[in-house]
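Thanks for making time this morning.

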Amino acid sequence: MDKRIFATRFKECYKEKGYTQEDVAEKLGISLNGLKNYLRTKNEKLPPLDLLKRIAELLDVDTAYLLGEIDCKKIHSKQYMILLA
């Protein structure tokens, strides 16, 4: 998994929502330094699954998009079933 994809998509999504890093950290209930740590591409560590899910919900995208597994931001259950087939 490429951490750069996660960091890039995360940044793009929160900026599209008009959020600052401070806004995102506050809404997720984490410190600003903690958020910045997840955005650093030199740090290979991804957020824990529960936080990753909260990030995706906040940004209205799928976790798979943030992780670079799919290229569309949000897929609906019917689309997901087609992808699995």
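This is a predicted model: local features need pLDDT of at least 70, side-chain atom pairs count only at pLDDT 80 or more; totals for chains, interfaces and linings use all residues.

F6 is buried, at a relative accessible area of 1%, where buried means under 20%, exposed over 50% and partly exposed in between, with a 1.4 Å probe and protein chains only. F10 is likewise buried, with a relative accessible area of 1%. Residues are numbered from 1 along each chain as its sequence is written, and side-chain values use heavy atoms, leaving out hydrogens and water.

F6 and F10 both sit in helix α1, four residues apart, about one turn of the helix; helices here are DSSP runs of H or I with at least four residues, numbered from the N terminus.

How are the rings of F10 and Y14 placed? Their centres are 5.8 Å apart and their planes at 85°, so the pair is edge-to-face, given that rings of Phe, Tyr and Trp (its six-membered ring) pair if their centres lie within 6.5 Å, with planes under 30 degrees apart counted as stacked, over 60 as edge-to-face and the rest as tilted. Both F10 and Y14 are buried, and ring pairs link F6, F10 and Y14 into a cluster.

Now for the helix contact. K3, F6, A7, F10, K11 and Y14 in α1 meet L35, N37, Y38 and L39 in α3, contact meaning heavy atoms within 4.5 Å.

Definitions and conventions
Helices (H or I, at least four residues) and strands (E, at least two) are DSSP runs, numbered from the N terminus.
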